[in-house]
Amino acid sequence: MDERLAEELRGLFVAELEEHVASMNRELLALERAPASERTAPIQALSRTIHTVKGAARAASVPMIEQASHRLEDLLAGLVAGRVPASPDFFALWFAATDALADLGERLAAGRSWEDAPLQALIPQIAVAAGHVESEPAGVEESTSSGTSTVAPLRVAAEKVDLLLARSGELLVAMRRLDAVAADLERAGVWTGAVQADRRAVTTAAEALDEVIRRLRMIPFREGIAHLDRAARDVAASSGKDVALVIVGGDLEVDRAVLDAIRDPMLHLVRNAVDHGLEEPAVRLAAGKPAQGTVTITASLGGADVLVTVADDGRGIDPNAIRAQLQRRGMPEPADEHELIRSVFAPGFSTARMVTDLSGRGVGLDIVRTAVEELRGSIDVSIGAGTTFSLRVPLTLSTLRVLEVTAAGHTYVIPASAVKVLLRIGDQDVHEVRGIATIALDGHPVPLVPLTSLLGLPTASPLAGGKVPVVVLTHGTDVALVVDTLTSEGEVMVKGLGHRLRGTGGGTGGTTPARGRVVSGATILANGRVALILDVPEIVARARHGGSTIGAIVAGKDTAPKRRVLLCDDSITTRSLERSILEGAGYTVFVGVDGADAWRLLQETPNIDVVVSDVEMPRMDGFQLTETIRASPRFQHLPVILVTGLAKPEHRARGLAVGASAYLVKSDFDQQQLLDTIEQIT
């Protein structure tokens, strides 16, 4: 065979093999679950698939797969004849074979050596299990031609479809520019009726072509998550559990790129649900539940997004376990129950009772959240009769419904799915809450921040000239962005930024220091100009953690920066109370969990104005912390306030002796006393 032809055949075979492996997994799962009286259909389907793989491997000159397929046919024939029982060993061998076939396909695709592939070692095992018999009919009824024709599927590489879509998008952008030119010519009276008809015809054809190409990228949701059924089965088998995976809305068509992007996050959620969420059969029976647990995956449309839920009927997430984990890590406990549960998305967070090979290593849910947010999506969690994770991701990554805004002379677009409401506000609508500017929405304060300040652009008091437009974004929580203008809403083509621009801010003059990028892509507007697409999760995070003072929003208000307090207490309750008091008064607060932690923070955090510390703490107590501060040439004049339950005169005397600026006893403590003391000594 010509080598070039052999390579082409092998490439086609690799693409075909991936689909056949998915079919084999699906058919094996159906066979494993079916009672003896209902095994004929899955056996026939499995036999057809493996027979097709054998023939394709022969044509593509992959003898290892051809030989393995032949032995698997023997094994299946033995099951039909009654020589081979449908035992756990039978299915374990078959599933191992499908994994080995998938591995060999990956090796072929990557051009790696496949002579030492795991499939080679499995072939003798399959032969032994089959009893070294020759292939026999497996009860498959071959269909015969009845005069009707069938349509053979056409395989097109995903890269080629993406290229077509990109060219189609460029055509649509050009058509939009032409529309703008046409409008100008019509106003000038030089646009003829015959030319108008041609323009409409070309526009209609371009839009229809674009729609057809988009459909090529769409596949049923069920196809994109076919691997999850097998994953749930394997985790259940290894942990002694029984699970049913239910798919609802599997026929919904979604962009293949979206499904590829959520493949690993969905896999983690399903494995986590089985490993941590579902109880062992005996525990479930004792609780009045069926022995078999259920994980339900539901897909539905929500505007231009796909809403996906992964729900289990297991034990649920224990809020007390979350609180304990937060306390161990020195993290504040959210007062809101929902925010408390959302702590599971924090980096390194885990409430697993044991570390297993499957999960519980303190990584995962934060990675799931990051992966979903990189798709311009969001994820949430709720508990009830089990645990439910809810994902919202775009239906397609190629286009996006956006709101177009301007800030400091630059144009940006915001995904419309993240926009909660559009407002116009004046200075009377802005209120100070805990030192930051807010507006009231549905009876709750929402942080108000100029978009320019989040993008590192020049920022003036935006309300100096009267009412201004505000975009309220929602992503787990709400924030309000002050913009210059609201331009339009529409659908745009999404372009990647490329590695040179990732992590940049928004302005043309530089970047913004941040934990992540503030733009997720770019697009070409109808006027031919390029606009950056704002990354909503990052924008919301910055707005929540870097709220503007009211003076930065409303002209004429006090714009002096608030003082910075280092708060130190090993009690999370006391720490949270004092932090709330200080932040409510407008101070910027940094928190240490004991004296040693506070000393580290003091050296790493610039411009601390005052230290407020407990006395009785592990590692380094408040007296030792104060002594260390006074012995430092850099911090020797820094005010230190000790707030403690040690009320005896000798304790107070020691506090003052080591250099404390003030000594407050908790039994006499009120919040105004703390605030007044800070004002007096700073």
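**Entry 1: the whole chain**

How many helices and strands does the chain have? I looked this up and found 23 helices and 23 strands. I am working from a predicted model, and I keep that in mind throughout. Next I checked burial: of the 682 residues of the chain, 45% count as buried. I also looked at contacts with a separation of 6 or more, and residues 24 or more positions apart account for 67% of them.

**Entry 2: α2 against α3**

I reminded myself that two packed helices are described by the angle between their axes and the distance between the axes. Helix α2 covers residues 40–59 and helix α3 covers residues 63–81. I found that they pack at an angle of about 160 degrees, with their axes 8 Å apart. Angles over 145 degrees count as roughly antiparallel, so α2 is roughly antiparallel to α3. As for handedness, I noted a left-handed crossing where α2 passes α3.

Then I listed who touches whom. On the α2 side I found residues including I43, L46, I50 and V53, and on the α3 side residues including I65, L72, L76 and V80. Charged side chains take part too, among them K54 and R58 of α2 and E66 and E73 of α3. Sorting the residues of this contact gave me ten nonpolar, four polar and four charged.

**Entry 3: α3 against α4**

I moved on to the other partner of α3, helix α4 (residues 88–110). The axes of α3 and α4 come within 12 Å and cross at roughly 160 degrees. These two helices are therefore roughly antiparallel to each other. I wrote down a left-handed crossing here as well.

Which residues of α3 meet α4? I found M64, I65, L72, L75, L76 and L79 in α3, facing F90, L93, W94, A97, L101 and L104 in α4. My sorting of this contact gave twelve nonpolar, no polar and no charged residues.

Is F635 buried or exposed? I found a relative accessible area of 10%, so F635 counts as buried.

Terms used
Residues numbered from 1 in each chain as written. Predicted model: local features only at pLDDT ≥ 70, side-chain atom pairs only at ≥ 80, totals over all residues. Heavy atoms only, no water. Buried < 20%, exposed > 50% of the residue type's maximum accessible area, 1.4 Å probe, protein only. Axes fitted to C-alpha atoms, helices over the stretch in contact; angles between N-to-C directions. Helix = DSSP H or I, 4+ residues; strand = E, 2+ residues; numbered from the N terminus. Parallel < 35°, antiparallel > 145°, perpendicular 65-115°, else oblique. Left-handed = near helix turned anticlockwise from the far one by under 90°. Contact = heavy atoms within 4.5 Å.
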